[in-house]
Amino acid sequence: MIVCWGFLLVEALLLVEINVGLRRMRGKNEDESELEVISIRTMAQETLGDWGETLATITYVFLGYTSMIAYSSKSGEILFHLVNLPESVSSCLFTTIFTMLISVGGTRATDQVNQWLTASMIGLLLAIEVIAVAFGGWSGLEGSGDWGKVPATIPVMIFALVYHDLAPVLCAYLGGDLKRLRASVLLGSIVPLLALLVWDAIALGLSAQAGQVVDPVELLMSERWSGVSYLVEVFSLLAVATSLIGTLLGFLEFFKEQLKNLSRDSKPTRTLQEPVGMGGWWARNKISFTAMAMAVAPTLVVSTIVPDAFSAATDIAGGYCMTMLYGVLPPAMAWAMYNREREDTSQNELSRVRPALLGVGIFAGGIVVEQILQDFSALHP
């Protein structure tokens, strides 16, 4: 878990450096009234060329949909247990609420809501972990772990720890301030890491007590004190909500950027008079609503008609999409940027950076290869 966290931290810092570098080249600053986000696709296009743009676009769209499907499907399952609302209805309602929050409230209102949800989630997690430790579920470093099963869990670890889809939005939100961005990435990633490490120790301890492979969440929810079950369900819902907000925020901005680019290319001339009334309102908001429909509609359809979509979507997103997009591409983009700016950079700095970029890229490629081998072995046992 710590190795995956360190790997993802390096990748996130690379993304921030690349994004801020491109923002400075374009002359963007924090005084702009509307956030101008430079998406992963644009970053790949300007550093790697057309092939990088194509790879980033395909991977990011696939990742966005698989992540959204996973969160929407899980929210329906949790709400069914909490309020006995059908999964298809509850998942659609849950996803729609947060979509409207982002579309109507904007980035700053969404940030305020997300901060409140995150604080509540951390408080509930601490309460659950205290109860679990009191129940005797703390194993420390002496749990019944099986290192041979680690490779199969790497996609889930990456899925749980990834926050890189927010990097372009964060760079725009903080105005390209590298000092604040680095602090945000470091501190923001340590909190879930510590929570997951404590939870892993508890999970191993509870599983050892059960004497068989069993979901530690089910063990907690089977406790006589009914409050544990409620806490676990609400915590799970908050975890899905905060993850959905981050993914949806980045996904919507990605589609907005592509639609704005298409709109500029297709506009032959500028009209002398702007439309008024409903026509003017639609002209100002059509890109936002179109992006919202493109991101959310396929998600709701798939999560509604595909049973147990969460597990399949998690494996695909963590094992392939996230590793390619946030593992393989960032070192390649950074390498290309350093090559392009070679005249302004000392050779000594290049010689120090390149081995690190190569090492991170090889590690990411190894994860993809391992996932391919895992899937082939599952198909042909």
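The expected span of a helix is 1.5 Å times one less than its number of residues. Helices (H or I, at least four residues) are DSSP runs, numbered from the N terminus. This model is predicted: local features need pLDDT of at least 70, side-chain atom pairs count only at pLDDT 80 or more, and totals for chains, interfaces and linings use all residues. Residues are numbered from 1 along each chain as its sequence is written, and side-chain values use heavy atoms, with hydrogens and water left out.

**View A. Helix H5 and its buried residues.** H5 has 12 residues, which at 1.5 Å a residue should span 16 Å. The end C-alpha atoms of H5 are 16 Å apart, in agreement. Buried means under 20% relative accessible area, exposed over 50%, and partly exposed in between (1.4 Å probe, protein chains only). In H5, Ile154, Pro155, Met157, Ile158, Phe159 and Leu161 are buried.

**View B. Helix H1 packs on helix H5.** Two packed helices are described by the angle between their axes and the distance between the axes. Axes are lines fitted to C-alpha atoms over the stretch in contact, and angles run from 0 to 180 degrees between N-to-C directions. H1 (residues 2–26) and H5 (residues 150–161) meet at about 50°, with axes 10 Å apart. H1 is therefore oblique to H5; angles under 35 degrees count as roughly parallel, over 145 as roughly antiparallel, 65 to 115 as roughly perpendicular and the rest as oblique. Contact means heavy atoms within 4.5 Å. H1 contributes Cys4, Trp5 and Leu8; H5 contributes Ile154, Met157, Ile158 and Leu161.

**View C. Serine 91 in helix H4.** Serine 91 has a relative accessible area of 2%, so it is buried. Beyond its neighbours within four places in sequence, serine 91 contacts Ser72, Ser75, Gly76, Leu300 and Ser303.

**View D. Asparagine 84 in the loop between H3 and H4.** The loop joins H3 (50–83) to H4 (87–134). Phi of asparagine 84 is near 60°, a positive value in a residue other than glycine. Most residues other than glycine have a negative phi. Asparagine 84 counts as exposed because its relative accessibility is 58%.

**View E. Leucine 170 in helix H6.** H6 covers residues 167–173. Leucine 170 is partly exposed, at 26% relative accessible area. Not counting residues up to four places away in sequence, leucine 170 touches Leu181, Ser184 and Val185. Leucine 170 and asparagine 19 are 151 residues apart in sequence, yet 10.0 Å apart in space, C-alpha to C-alpha.

Notes
Helices (H or I, at least four residues) and strands (E, at least two) are DSSP runs, numbered from the N terminus.
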